[in-house]
Amino acid sequence: MTISPFTPSRLAARMAPVLLPFLCALAAGAQIDVTGYWAFRVKDGGVSYMQFEQSGESVASVPQTGRPPGRDGSLAGTLHDGKLHLAGTGPRQTVYDGVVENPNRIAVTMQSAGRDPIKGALERVTREEAFPARLPLPELRDVPDNGLARTPPMGWNSWNKFADVFDDATVRQMADAMVASGMSQAGYTYIVVDEGWTSGRDAQGNIIGNGEFPDMKALADYVHSKGLKIGIYSSPGPQSCSGKMGGGYQGSYGHEEQDARSFAAWGFDYLKYDWCSAGEIYGRSREEHQGAYQKMGEALLKTGRPMVYSMCQYGVADVWKWGAKTGGNLWRTTIDIADRWESIDRIGFAQLDIAGYVQPGHWNDPDMLEVGNGGMTAEEYRTHMSLWCLLSAPLMAGNDLRTMSEETKSILMNPDLIAIDQDRDPKPVARLAQQGASEVLVRPLSGNAFAVGLFNRGNQPAEIGFRWDALKFSTGLYGFRRLQAQDLWKHAPVEVSGDSYTATVPGHGVVLLRVSIAGGRGF
Ligand code: GLA
């Protein structure tokens, strides 16, 4: 081997490809033309894509036909002397200030109204990466039942409390707390990592964790070592919904089978699959939604690993009528819940009309629990939990399990409520009566019993009641037999006498009874 002398001219020749664009950029400043496609990336924060058009020193984003405008609305501004300044027209009033590093990269600080500035970079990408073309969907068929989730899934999900600001250590601590608090004993099993764990794909197209989630397999192993199961999150679209800076994280679009294989290889037991940017690729029809969800449903089955399939497309196209066909075990029936009374009141009572669509293995999902997140009173959280259990809803806690008050624990772990939710023979809850803000809901339970919820949706205390003979016991009238009733929040028996029962129910509150035949099964 000969070692060539390292003359200055050789060095210059070697470095030229690296340095030239950089030097040109510095010298050229505003002469760089940013027309084309760009990705705005923030470390561990997701990505958003844009198309720019430049004319002289003016730069503007190009609206994408058929796609909703980005969260920042359109962007417009200038590129002057190597400095980019763009302002968004959307409600976030986002401003991007950048310094051109080279023709393909601009270091950017992004500032949205009322938020801390975020550092990231605009990087030039291909059109295909920025706005991928539509791929064909499979022909519709019924995906075989995976046999999972015979009762509504119970667990914890990161989103309601942490959004996408969390990491591997947080998730491990939640697993620890789920065991230490007694929640796992009470039936909570799945620890679900929602949006925020991925940084994109490696050179082979495999989806990978980001700096906050360096080793998804090790995380799954840890959660399993606690006797729990673990869930992950992705989207049928190219990106998920909302990263730290407004863009989303990597979705499974075009990589459905590959991602299902990765999730299985890491040992995941549950996938929440969130529509998000799929709306920029597919239409709103039932066929489009069904096809996109079927694609992943089939991919999950093909891995051979049992994984609960949680569909999240907010109830579009009456998903409760066809969600099971895609292999879905649960499907969101609503837009996102919030930690406010108005949210759970609106979502909870809107579920009554579709309560008949639940069956073992396939559940309506009115979204995850907010109990313990601080935005509602204990009374309101008891109403939230009561409604969700009467509805046979999945019980995915959404609070910080490490710092639960005794009151929060008593709501999330009320065994009588959980028993209603987890009844192996789920009968739909129905409205027995409604007057003003008062509602009486009834649900038949296994063991010849009924759950009766007296709900006060108003602000002031109200007298709410029902007639005992409105409960149609399968063994016939109770006249010659006696009924017994238990108040499931007071944990005390209720006297059964006269024709009816009336209670004073506090504003936004509930009285929940379990009524059965004295000496009968179930008590
Ligand atoms: C959607 C879903 C939420 C959560 C977020 C993450 O809004 O409905 O449950 O997963 O996306 O961005």
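## Ligand site and hairpin

An oxygen atom of the ligand is 2.8 Å from an N or O atom in the side chain of Lys-272, a polar contact in the sense of a pair of N or O atoms within 3.5 Å, where within protein one must be able to donate a hydrogen and the other to accept it, and residues adjacent in sequence count only if both atoms are side-chain atoms. The model is predicted, so that local features need pLDDT of at least 70 and side-chain atom pairs count only at pLDDT 80 or more, while totals for chains, interfaces and linings use all residues. Residues are numbered from 1 along each chain as its sequence is written, and side-chain values use heavy atoms, with hydrogens and water left out.

| Side chain | Distance from its N or O atom to a ligand oxygen |
|---|---|
| Asp-274 | 2.8 Å |
| Arg-332 | 3.0 Å |

Arg-332 is buried, with a relative accessible area of 3%, where buried means under 20% (1.4 Å probe, protein chains only). A polar atom of the Arg-332 side chain also lies 3.2 Å from the backbone oxygen of Thr-334. Beyond its neighbours within four places in sequence, Arg-332 is in contact (heavy atoms within 4.5 Å) with residues including Lys-272, Tyr-314, Asp-365 and Asp-367.

Elsewhere, strand 19 (residues 430-435) and strand 20 (residues 438-445) pair in the antiparallel sense over five bridges; strands are DSSP runs of E with at least two residues, numbered from the N terminus, and pairing requires at least two bridges. Ala-433 stands opposite Val-440 in strand 20, and Gly-436, in the turn of this hairpin, has a positive phi of about 55 degrees.

Key:
Helix = DSSP H or I, 4+ residues; strand = E, 2+ residues; numbered from the N terminus. Buried < 20%, exposed > 50% of the residue type's maximum accessible area, 1.4 Å probe, protein only.
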